[in-house]
Each structure stands twice: as C-alpha cells, then as structure tokens.
Amino acid sequence: MMYDHTATPLRTGRAAVNGTSLHYRTAGSGPAVVLLHGVPKTGYHWRHLVPRRTPHHTVVVPDLRGLGDSARPAHGYDSATMSDDIAELMAHLGHQTYAVIGEDWGAVIGYQLAARHRDHTTHIVFAEALLPGFGFEDHTALTAHNVSSGMHLWHLGFYFQPDVPEMLIAGHERELITYMIKNERSHPDTAAPDAIEEYVRCYTMPGGVRAMLAIYRAMLTDAQQNQQAAQEKLDIPVLALGGAAFIGQRNEEQARFIAHNVSGHVFDAGHDLAEEVPAEMAAAVLPFLATPE
C-alpha cells in the first residue's frame, strides 16, 4: 500500500491506453507530476517520495508496460512506445501538462515522453540513468575501468541473449532481484523487505521476467530513437540527479546531450535515490519543479 501526506491510501485504477492496460496510483492536488520507475522495480519504488509531493502536486504513479500490475503485451517495449503509453494515460486522467520524474529506465522513457510530447511536459527530473545511444553501451564492456568504478553493467549483455536468461532466472527471481537492488546501493539496508516482496510478487507473475527482458532487448532501438530525438534538444528545465556510488556526475553529462537547460546534483547514495535518500531527493525536486518553464 502507498499513502499520501495525510496517510490516506492512493487511489488506484487501470486505463486502456496505446494498445495495452496500465495500472496506476494517484493522489494529491495541484500541478500534475508523473513518476516513472525503473527495473527491476515497480511504481512502489516511489512510496517514500509520494507523500512528500502530494501537498504540492497531483501525483500519478504508473506501473510501466509489462511491469508491476500493468498488462504484459507481447510487443512495444521500446522507450518511444512506452512513453506514448504514459502520454495517453495522462490525457486519459485529464492532465494536459505535467512534470516528469524518472529514474533508471523510467528516466529514459521520460526523456522520450518529453521529446515526443513537447507541448505537454514542463520539467524533467532525470535520475540515475544512462541513455542508450550516448555511451550506455560502453559500460557493458569488460574493462578494468568499468570494473573498478562499479559500472561494469554485465547484465545487459546477459539479458539481451534470447531464451537463456529466462531459463536461468526461472525459480531464482527473488535471488536476482535482491542482488540487483542491494548491490547497486550505497545503503543496502534501505532495500526494505516489503519492497523486495512487492518486486518479487510482480516479477514472478506470468510474463514478468519476459517483459523485463524485453525492455533490455529493445536497447538498440532505443539508441536510434534517442539519437534521432536529440537532434532537437529539449528547451524545458532538466534536473539530473545522480548517486555518487553509481552513475553520479555522468547523469548530468548525459542530460546535456538532450537538453539546453540542465542543472545537476549528486547525492551520497547509490542507484535508487527515492528509496535510499528520499528526503534529500524531495528537497532537491521541490524547488526545481517550481522554476519557470
């Protein structure tokens, strides 16, 4: 269960959008902001940030296509298609303009959302993400630098291989998710049991691992989409947030490939800012969302 600042459970619903069905939660009042989670997480990732936002904003927390309690269609896991899912969801909910807070793959999807729906997005928080097409792929290489810096993303190549990951992950979803969540944090104790249980519940549902892997397997398509979109940089404000123990300052460097108006901040944290340092993240996001478009 997720709660707003008054300890009231968030409203939940499902919306038929863009050829699929998305599960979402919403609460609060004021300007709209949509929170996009990464992998291997769900909208539950934002449970600590939501009550810090609902006094100021109408918050929409979807489970991305194929993840959480959203439907798991056979296709459509490239970031452009998944961003169109969110654009249709926000229109369905009556939000014509909105800010975007994305982390990990949710930040990549959030970028495509802003690039493809420029008249509707007002601000982007781009947290702990590398963009396919702009150096993300380099971190899959087995090099001394990647290994020593903690940025050898070995799992990307593993996930890209068809069939073998499904075979090896089956029955070990809990072990994989726990390892990935804890290993990428400076503060592994913030991987609370309730969050692990929720992520495992969703990724062990039929099609859960298949959908997760499909997102990674669309990475080459994502690279082409990002390179094409970046030919016209975003004019809206972008706040790049990194964790010092993971992507860190590289986050702001990535954002400058895609936008003119970029500011950045690096926290004493790892990859999952909204679970590791939610109060600090909220303190950085609040004034940013109040800046003029």
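This is a predicted model: local features need pLDDT of at least 70, side-chain atom pairs count only at pLDDT 80 or more; totals for chains, interfaces and linings use all residues.
## Overall build

Let's start with the whole chain. The protein has 13 helices and eight strands. Along its principal axes, the C-alpha trace spans about 45 × 35 × 35 Å. A compact globule of 293 residues would have a radius of gyration near 19 Å, and the 17 Å found for the protein agrees with that.

Two further values describe how the chain is packed. Of the 293 residues, 59% count as buried. Among contacts between residues at least 6 apart in sequence, 74% join residues at least 24 apart.

In soluble globular proteins, nonpolar side chains tend to be buried together. Here the largest nonpolar core has 96 residues, and those with the most contacts inside it are V34, W46, I101, M212, L241 and M281. Helix 3 gives the most to this core, with eight residues.

Leaving out residues up to four places away in sequence, I101 touches V33, V34, L35, L36, W46, R53, V125, M281, V285 and L289. Among these partners, V34, W46 and M281 are also listed with I101 as residues with the most contacts inside the core.

Helix 8 is another place to look at packing. This helix covers residues 193-203, and A195, I196, E198, Y199, V200, C202 and Y203 are buried in it. The buried residues of helix 8 pack against strand 2 (20-28), helix 7, helix 9 and helix 12.

## Spaces inside the protein

Rolling a probe the size of a water molecule over the atoms shows where empty space is left. Three cavities of 30 Å³ or more are counted in this model.

| Space | Volume | Lining residues | Lining by class |
|---|---|---|---|
| Largest cavity | about 220 Å³ | 22 residues | 17 nonpolar, two polar, three charged |
| Largest pocket | about 180 Å³ | 14 residues | six nonpolar, six polar, two charged |

Which residues of the cavity lining lie nearest the centre of the largest cavity? They are D104, F136, H155, Y216 and H271. The elements that give two or more residues to this lining are helix 3 (105-116), helix 5 (154-160), helix 7 (173-183) and helix 9 (208-217). Helix 5 gives the most to the cavity lining, with three residues.

Now for the largest pocket. G150, H152, N183, E184 and F246 are the lining residues nearest the pocket's centre. Helix 5 and helix 7 each supply at least two residues of the pocket lining, and helix 7 gives the most, with three residues.

D272 sits in the loop between strand 8 (262-267) and helix 12 (273-276). Is D272 buried or exposed? D272 counts as buried because its relative accessibility is 1%, and the cut-off for buried is under 20%. Leaving aside residues up to four places away in sequence, D272 touches K41, H45, E103, I181 and R185.

D235 lies in the loop between helix 10 (219-229) and strand 7 (238-243). With a relative accessible area of 61%, D235 is exposed, since exposed means over 50%. Beyond residues up to four places away in sequence, D235 touches H260 and N261. D235 and Y111 are 124 residues apart in sequence and 12 Å apart in space, C-alpha to C-alpha.

P9 belongs to the segment before strand 1 (11-17). P9 has a relative accessible area of 40%, so P9 is partly exposed. Apart from its neighbours within four places in sequence, P9 is in contact with M1, M2 and Y3.

Definitions and conventions. Residues are numbered from 1 along each chain as its sequence is written. Side-chain values use heavy atoms; hydrogens and water are left out. On a 1 Å grid over the protein atoms alone, a cavity is a set of points where a 1.4 Å probe fits but cannot get out, and a pocket is an open set with protein on both sides within 12 Å along at least five of seven lines; lining residues have an atom within 4 Å of a point. Grid points are joined across faces, edges and corners, and a volume is the space filled by probe spheres set on the points. Helices (H or I, at least four residues) and strands (E, at least two) are DSSP runs, numbered from the N terminus. Ala, Val, Leu, Ile, Met, Phe, Trp, Tyr, Cys and Pro count as nonpolar, Asp, Glu, Lys and Arg as charged, and the others, Gly among them, as polar. A nonpolar core is a set of buried Ala, Val, Leu, Ile, Met, Phe, Trp, Tyr and Cys residues joined through side-chain atoms within 4.5 Å. Buried means under 20% relative accessible area, exposed over 50%, partly exposed in between (1.4 Å probe, protein chains only). Contact means heavy atoms within 4.5 Å. The radius of gyration is taken over C-alpha atoms; the globule rule is 2.2 Å times the number of residues to the power 0.38.
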